[in-house]
Amino acid sequence: MEHVNTKTRTFFKETYKEFEEGELLMSSEEVKSTEAYPWKDIRGDYVLVPVPPWERRTLMNIFLVYTGVLSCLAVLWGGGALGMQGSLYDVTVATVVGDIILTVIGGLVAYIGGTAHQSTYGIMRHIYGWYGSWIFGVLLSGIPAWGWFAYETWLFGVMIHDLAPQNPICDIAWASLWGGLLMTTTAYVGYAGLAFLSYFTVPAFFVLVTAGFFAGIHFGGGFEKLWSFVPPQPVGLSVLITQVVGLYVCGAIITPDIARFARKAWHGSVAWGVQIMVLMTYYMIAASMLTMAMGGTYFSKAMLMAGLGLGAYFVAIFGQWTTNDNNLYSSALSWDVFIPVKKRILVLILGILGSIYAWYTGLTAGASMQPFIQFLVWLGTWLPPIGGVMIADFYVFQAYKGVPRSERYKMWVGKEIPLVNWPAWLAMVIGGACAQGWLMPASVLQVIPASVIGLVMAFIVYIILAIPLDKAGVSIYIGKIKINEYGLPVKEVSK
Amino acid sequence: MVAQEDLKSLKKLPIASSIIALVMGIIIIIMGVTAFSGFIYSEIMYVIVGLMLVIFSALTAIGVSRASTKVKAGEACITFGWWVFSAGVGGIMVYVAPFFTQGAPTIGVIAAIASGISIIFGLLIIIHAKTKLGVPLTV
């Protein structure tokens, strides 16, 4: 069954009608491609097939969705952690440098999504092969994004409990449960749900965080205190940069999940870059300054002291919601590449499981998610190389093969996709091993962030392997499958 | 084809609404600068929210007035109308907080009312875009 949002399709048809009547809204190329759109979206939200022209969004929409994902408490706590480890000068430099690195990585990957109009895992089919997209998709997002969903749901419960400890529905366990289910609703709706919440939340979140920041600085002793601040746990500048990059590098690699909805290829890159360089830099530095003034990232405390009780609830609920629904959305996208269930059903299953896990953790006295978090952080070391290979294949290998940029990873019914691209797998493993410190001296890792080393090494190894092998006439691909109109292998059709 | 006359009349409400929100933003800025010139934290918050309202309202008005089709006008309404609405929501929560009124609760109440008016007109712009201009709630 073909799944297309009826209202959106009506909207497009009206747009198309106006085009016919002389009011040009889309280029003739876009309209032509729409007429030829041969795909049938059986899983929903264009998991397996390219996003059609009538579902593509404005630059501002893409920007707001990215910003909604960023506008969360995790980034504030990340900034707060920096505030304990460096002077104001060091924190500012580390944040700006780290954000430039994130802008470059995310911008390059987002462009791939904007060109191919496919999700990160859809793009991986062309790079890592059919099986590679399963394995690396689950490693990159399926497990980590779901894990972060559960963790942030539990954290939401903790925060709500702090705000109203006497209220029974604000008990950590129960707040985790209803919070998790609330966050599942927008992910269930799909991209439109994420966009709707971001439109509503982002400016208000910015205003309230700024208010909390000013209140915190005031109650903590004023701006004067910041200049004379001595960090209690000082670390080097490179360690601070590593932390900034590590905080969001996985998000940078899955940028195509949002950028695929962009009308122009560069929209995703620009939207990503602006929100990182402006908003992330602001949030990180503001949070670190608050920590320097108050001794911790006490946004909620500062807001309550200033009489901003309602604002504290708003920040706690919507700050987590706009980020966590995206975690769930990305996780479901990666699982859906090979689990033959509609994406909405998968979102529900993953959302309920994550909420129950968070509820159980909140319920069990003394329970901690720490071992699970360590596992997720460990995965974070191994994930950036996945992006390194993606960048190398799109920008270097495809260019070497002479494929025009707009045609790279283009899908058509009957297209042959490799089962395995073994140099890509090898490059990813070597990159991860370097980031882990197994194939790289510790002295290098102290200077350059591990995530950057993993990404760059995977990039280099892939090029060193793929281009000479291709020149020598050795295929880098093992096996092939044909794609049908559902985006599935010809034999594997499940409606 | 959408007649130019029809389009012109459809643009009137969002343009008028955004001008009202813009005026509210200017009022908030003036109140913040004059009433809290001695207290930098409140002054900055008033200026930030006021500026956000002014900029987003101006972008709505410019976007809508320049639009040559219903869809383009609707896209401008949805994009910036939400921002006007959301900035108003943030503002109203800040201005009722005692810390940001600093012994001048009347000023806080007036600013909160101005923010509330912006919320209403932001919402009007969004509803108009959805019902009259025929665009989805997110574009």
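Which loop of chain A holds G236(A)? G236(A) sits between helix 10 (224-227) and helix 11 (237-253) of chain A. Helices here are DSSP runs of H or I, at least four residues, numbered from the N terminus.

Some ground rules. This is a predicted model, where local features need pLDDT of at least 70 and side-chain atom pairs need 80 or more, while totals for chains, interfaces and linings use all residues. Residues are numbered from 1 along each chain as its sequence is written, and chains are lettered from A in the order written.

Back to G236(A). G236(A) counts as partly exposed, because it has 14 C-beta neighbours inside 10 Å. The cut-offs: buried is 20 or more other C-beta atoms within 10 Å, exposed is 12 or fewer, partly exposed is in between, with C-beta atoms placed from the backbone. V447(A) is 211 residues away along the chain. The two C-alpha atoms are separated by 9.0 Å.

Now chain B. Its mean pLDDT, the predictor's confidence in each residue from 0 to 100, is 89. For the complex, the predictor gives an ipTM of 0.93 and a pTM of 0.84.

Next, the contact between the chains. Chain B puts in 31 residues and chain A 36. Contact means C-beta atoms, placed from the backbone, within 7 Å. On chain B's side, helix 2 (40-66) and helix 3 (70-95) each supply at least two residues. Helix 3 of chain B gives the most, with 12.

Stay with helix 3 of chain B. 26 of its 26 residues are buried, so this helix is largely enclosed by the rest of the structure.

Methods: Two residues are in contact if their C-beta atoms, placed from the backbone, lie within 7 Å.
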